[in-house]
Amino acid sequence: MAMIETEGLVKVYHSRGSEVRALDGLDLEVREGTVLGLLGPNGAGKTTTVRILATLLRADAGRATIAGLDVARDAQAVRRLIGLSGQYAAIDENLTGRENLWMFGRLYQIGSAAAKRRATELLVQFDLENAGDRVAKTYSGGMRRRLDLAAALIGRPTLLFLDEPTTGLDPRSRLGMWDVIRGQVRAGTTVLLTTQYLEEADALADEIAVVDAGKIIARGTADELKTQVGGERIEIVVHDRDLLHRAAQVAAPDGSATVDEHTRRLTVTAEGGAQQLVDVVLRLGEAQIRVDDVGLRRPTLDDVFLALTGHAAERPATDDETTTARKKGR
Amino acid sequence: MSRLRNAVADGIVISWRNLKRVPRIPELAIFAILQSIMFVLLFAFVFGGAIPLPGGGSYREFLMPGIFVQTLAFAAITTAVSIADDMTKGLIDRFRSLPMARSAVLSGRTFADILYNIGILAVLMVTGLAIGWRVNDGVLDFFAGVVLLLFFTYAMAWIGVFLGLSVPTVEVAQQVGFLVIFPVTFLSNAFVPTETLPAVLQPIAEWNPVSSLTGATRELFGNPNPFISDSFPGLHPILMSVVWTVTLLAIFMPLAIRKYRAIDG
């Protein structure tokens, strides 16, 4: 059964006479019990999609249902099913972690005693038990995000929205966050995750939908997308500019290497992974070509975008979706 | 019926969280009170001697009701600032994504403001007693005065909510609030008898809600009230206080609620 279904969602923001089409006919389907990663650059329409599905924003056109309930008409019923954890940790800084969770539990219509028990449970689960009675103002960025996620889970939602859950976190906190999210997925929660990082979608999502300019432009498992993009890449910086083209020939005898004269950089797609890297390095050594740098790199969002759309992920700052959403909605 | 019960229960939770802020950021209440005490000291000891009251009476007794009303009017800025803060921090979004009563965020907030200002008013009254302010009429009149002040506070809280929902940042809420409320409290009878004002400003001061409230409070507390002139609001300060407060509520409550609903974009 489809947990989320959207059809032709359109959202246009008006600001100072200019129009920004944040969503331009977005169709999406997420099956129950799966994790969908919504992947795209800033301004692609990820946050707008989440805000519409979480009943915070009304679409200008199109339809969206959650577990068969219309997000506009049955908003209150939808709210009973969802949990939302956003980019900005939406917690009350003047309450302790425990008080925050109790409050959100009460507002989720859980009884006071049950909300207290659930708060303690979540504090333990999210490794916040020692900080539970401290005011949230004193929390680190990672702790705030964990508390924010715990708050989203207070009512045991069947559908969890995670809007860029690790943006701005240091690598260690990011890994910690991933563990927590994985635990939630194991427990059977359906998750819609938005992210700018291919790596993150890869690590957490069953399926990835790539968004660009308010539309889904590709959809598939991480492996399917990577095949489309061409898997990992070997990058070599050649020391001597004169040897660049010879090096390209040596590294990829089939002529598939791309050459950047300016940076003296060769890029070769590497279906063979690390072993292919070893082979290439050996061949370059035999040909006595000096290299300054060599490495294996996973495809980035930019590679995906380049492969799918022919343009890079960065778009002009004029249609920065988050700014518009904040002005409109917060 | 259960809908109403949920709305009340959710409202109480929101009031609770807004009141928790008071002991957690004691500076907020302390500076609000210190600001009022500063006005008391400035006017009682610096300007007071130069302000003769028509009809006589103690300037300090005259002053305190003005201070009460001014302080409660300023409380709207505090409300606006914390609503704007909740908006920018995404907390309002979180509330809106929960299956809670939609009315609770605003009703809980404004109810908390009444409780908070009861505390502020109590501290100010003790301060007043210390410098020579007295309640000269009966207990019943005193309580009528207090109820009138709190009713006014409630209207100011809704103005604050509307302002907080209308501005993009906390700083703007602070500035706009100050810009509007500061002159309104001074263009009144709160600190000087309206007769001492230039003729052009006199009608403005007389029809100012702050003047009506101040006049009504003076009358009910039995403090000197030279406001009584031959203008209609001057003759009927209590009636006008009720009219003003009801009018402000009738304007700003629906405006604030509409603004809150319009967050849906």
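The radius of gyration is taken here over C-alpha atoms, and the rule for a globule is 2.2 Å times the number of residues to the power 0.38. For the 265 residues of chain B, a compact globule would have a radius of gyration near 18 Å, and the 19 Å of chain B agrees with this. Along the principal axes, the C-alpha atoms of chain B fill a box of roughly 60 × 40 × 35 Å.

The structure is a predicted model, in which local features need pLDDT of at least 70 and side-chain atom pairs count only at pLDDT 80 or more, whereas totals for chains, interfaces and linings use all residues. Residues are numbered from 1 along each chain as its sequence is written, chains are lettered from A and ligands numbered from 1 in the order in which they are written, and side-chain values use heavy atoms, with hydrogens and water left out.

Confidence is expressed as pLDDT, the predictor's confidence in each residue, from 0 to 100. Chain A has an average pLDDT of 86, with 92% of the residues scoring at least 70. In chain A, helix H3 (residues 97-107) has the highest confidence, at a mean of 97, and helix H12 (residues 321-329) the lowest, at 39. Over residues 315-330 of chain A, pLDDT stays under 50. For chain B the mean is 91, and 98% of the residues reach 70 or more.

Helices (H or I, at least four residues) and strands (E, at least two) are DSSP runs, numbered from the N terminus. Chain B comprises 11 helices and zero strands.

Helix packing was described with axes, which are lines fitted to C-alpha atoms, for helices over the stretch in contact; angles run from 0 to 180 degrees between N-to-C directions. Angles under 35 degrees count as roughly parallel, over 145 as roughly antiparallel, 65 to 115 as roughly perpendicular and the rest as oblique. In chain A, helices H5 (residues 141-153) and H6 (residues 171-186) pack at an angle of about 15°, their axes being 10 Å apart. H5(A) is therefore roughly parallel to H6(A). Contact means heavy atoms within 4.5 Å. Among the residues that meet are Leu149(A) and Leu153(A) in H5(A), and Met177(A) and Ile181(A) in H6(A).

In chain B, the axes of helices H9 (residues 209-221) and H11 (residues 237-261) come within 8 Å and cross at roughly 135°. H9(B) and H11(B) are therefore oblique to each other. The residues making this contact include Leu213(B) and Ala216(B) of H9(B), and Met240(B) and Trp244(B) of H11(B).
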